[in-house]
Amino acid sequence: MTNQQLVAGVDSSTQATKIVVVDLESGDTVREGRSAHPVGTEVDPWAWWSALLEAAAGGVLDGVRAISVAGQQHGMVLLDADGEPVRDALLWNDTRSAGAATELIDELGGPEKWATEVGTVPVASITATKLRWTARAEPSVAARASRVLLPHDWLTWLLAGRPAEAVTDRGEASGTGYWSTVTGQYRPDLLRLAFGRDLDVPRVCEPGERAGTVSASTEGLADAGLLADGAVLAAGTGDNMGAALGAGAEPGDVLVSIGTSGTVFAAHDRPSADASGVVAGFADAAGGYLPLVATLNAARVLRAGADLLGVDLAELDRLALAAEPGAGGLVLLPYLEGERTPNRPSARGALAGLTGGNATPANLARAVVEGMLCGLADGLDGLVAQGVPVRRVLLLGGGSRSAAVQALAPWVFGVPVTVLAPAEYVALGAARQAAWALTGTAPSWPRPEEASVPVPEGASVTAAAVRSAYAAVRDA
C-alpha cells in the first residue's frame, strides 16, 4: 500500500524493548520487533538503547513518520555534564531506598502533606527516594550528577540526538515525587530535599505536543536502518499511562494489568490524594489523571505456584478450577518479592490455614490464584475509596491469559470483567501518542476485546468470605 502512513510505539519495559509499527488510519499493527533487557534491579541505561536498536533491526521502522517511547516508570537515570550515566539506573523494583522514603515523608510533614501537595506518598519505587539513597550512600557518584531522567526520557533524548533540553510528559513526571499533579508543575524544593541540590530535569510537554524530531546523528541510529532523520518525535510517557492510551479506557473502566508487577488504574477527571499511600495520584498522558495502585507480585505468583506443584501453568489452572472457592481455608499471602501495596518492602509470602484436610494440590493452586487476585482487589478498593467509578474491569497482561484468572477475577472483584485480546498495549499507547503528535488529533482506533465474563450469580457471599480470610492473614 504505497500511500500507507506509519507511526511507531516503543515499550521499554523491565524485561524487554517491544516495538509496534501501526497504520495511521486503521490502527492495525503492520510490523513488530523485540529485544530482551538485562535482568536485575539496576541496569546500564545504554543496554536499553542497544535493545531498541536490536528490536528495530531488519527494517522494522522503515517508513515510520512519527515515534514515541513509553517506558517503565520511576527508574533513576543520573547523567553527568557530558550526558553520560554516572551509575547504573536504579529501577522501580529496587527497594534499597525504602528508608529514604520514610525520611522524606517525615521531612515534608507526613503522608497527608505529600498526598495533598504532590499526589503521591513516597515508597521505595519513587524516583525521589532513589535520589536520596544515592546522595547518602554514594556521595562521590552523586557529586558527578548534573541531570536526572527517567528510562523513557533517556531514550527519547537519544533519539533526538542528545539536545540541550530533554523532554518528558506529565504522566511520567508525576511518578518522580518532585512534580505535582495538584499544580501541574515541578517542585524544585522537593528535588533539593531528596538530593541536596538542584539537578536539570526534562521539560514537561503538553499532551499531543510535538517534542522534537529524530536525529540520525545519534550513535548507531543510521547503521541500524532506523527511521529517517526528521521523523516526528512525541514526548513519550510511562508504561501505565501508555497502557491506558493503548487500551482506550473509558470512564468506568478500571484496567487491571497482570504482568511482572500488578497494576490497577483508571483514567479519571481529577487528581487523587490518598494519604494512606495505597493509591498513587498520577497524571495520565492525555491531560487527565491516572489514580493507580501497584503491587510487586502478580504473574510471578502464578509461576511460583506452578513450580511448587511441579506443573505447568495450564495444569495450575485446571487444578485451581477443580477446587472449591476458598481452597478449603488455605490462604496464600503472595508477597514473594516484598510488597509495594501495602508498603512492606521487607515482607515475605506466607501460606496460612494449612491442615491435613486441605493439603491438596487443587487447594494450593486455588489459593495461589485467589491470593494474587485478592491483592489486586485491595487495589480496586483503594480506587473506589478515591471516588473512581467502577463499571467493569479490563483485564490485560501476561497473567490475564490464565483460564483460572479469567474465571475467578469477576468473582473476586465483584464487577464484570472484559478480557482484552493479547497485544502490546503500552507500545500501542505510545503509537497513539506518536500519531497524535504527527496529526494534531488523538486517533480513535478500535480496541480488541476478547471475552466478557459476568459476575457469577450468588458469588458475593463466598467471595466476601475469601477476601475476609485473606485480609486477616495480610494484617496479622
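1. Does Cys-205 count as buried or exposed? This is a predicted model, and in it Cys-205 has a relative accessibility of 2%. Buried means under 20% relative accessible area, so Cys-205 counts as buried. Cys-374 is buried as well, with a relative accessible area of 1%.

2. Now the disulfides. A disulfide is a covalent bond between the sulfur atoms of two cysteines. The structure holds zero of them.

3. Next, the open space. Rolling a probe the size of a water molecule over the atoms shows where empty space is left. The largest pocket has a volume of about 800 Å³. It is lined by 35 residues. Closest to its centre are Lys-18, Ser-257, Gly-259, Thr-260 and Val-426.

4. Which helix gives the most to the lining of the largest pocket? Helix 9 does, with three residues. Four elements each supply at least two residues of this lining: helix 9 (239-247), strand 16 (253-258), strand 19 (289-295) and helix 14 (425-439).

5. The lining of the largest pocket holds 16 polar residues, 12 nonpolar and seven charged.

6. The second largest pocket has a volume of about 310 Å³. Its lining counts 14 residues, and the closest to the centre are Ala-249, Glu-250, Ala-267, Asp-284 and Ala-286. By class, the lining of the second largest pocket has eight nonpolar, three polar and three charged residues.

7. On to helix packing. Two packed helices are described by the angle between their axes and the distance between the axes. Helix 11 (residues 313-322) packs with helix 13 (residues 403-413) at an angle of about 35°. Their axes are 8 Å apart.

8. Which residues make this contact? Helix 11 brings Asp-317, Ala-320 and Leu-321. Helix 13 brings Ala-403, Ala-404 and Ala-407. The residues of the contact divide into five nonpolar, no polar and one charged.

9. Look again at helix 11. Its buried residues are Leu-316, Asp-317, Leu-319 and Ala-320. They pack against helix 10 (299-309), helix 12 (361-385) and helix 13. Asp-317 and Ala-320 are buried residues of helix 11, and they also belong to the contact with helix 13. An α-helix has 3.6 residues a turn, so residues three or four places apart point the same way.

Note on methods: Residues are numbered from 1 along each chain as its sequence is written. This is a predicted model: local features need pLDDT of at least 70, side-chain atom pairs count only at pLDDT 80 or more; totals for chains, interfaces and linings use all residues. Side-chain values use heavy atoms; hydrogens and water are left out. On a 1 Å grid over the protein atoms alone, a cavity is a set of points where a 1.4 Å probe fits but cannot get out, and a pocket is an open set with protein on both sides within 12 Å along at least five of seven lines; lining residues have an atom within 4 Å of a point. Grid points are joined across faces, edges and corners, and a volume is the space filled by probe spheres set on the points. Ala, Val, Leu, Ile, Met, Phe, Trp, Tyr, Cys and Pro count as nonpolar, Asp, Glu, Lys and Arg as charged, and the others, Gly among them, as polar. Axes are lines fitted to C-alpha atoms, for helices over the stretch in contact, and angles run from 0 to 180 degrees between N-to-C directions. Contact means heavy atoms within 4.5 Å. Buried means under 20% relative accessible area, exposed over 50%, partly exposed in between (1.4 Å probe, protein chains only). A disulfide is a pair of cysteine sulfur atoms within 2.5 Å.
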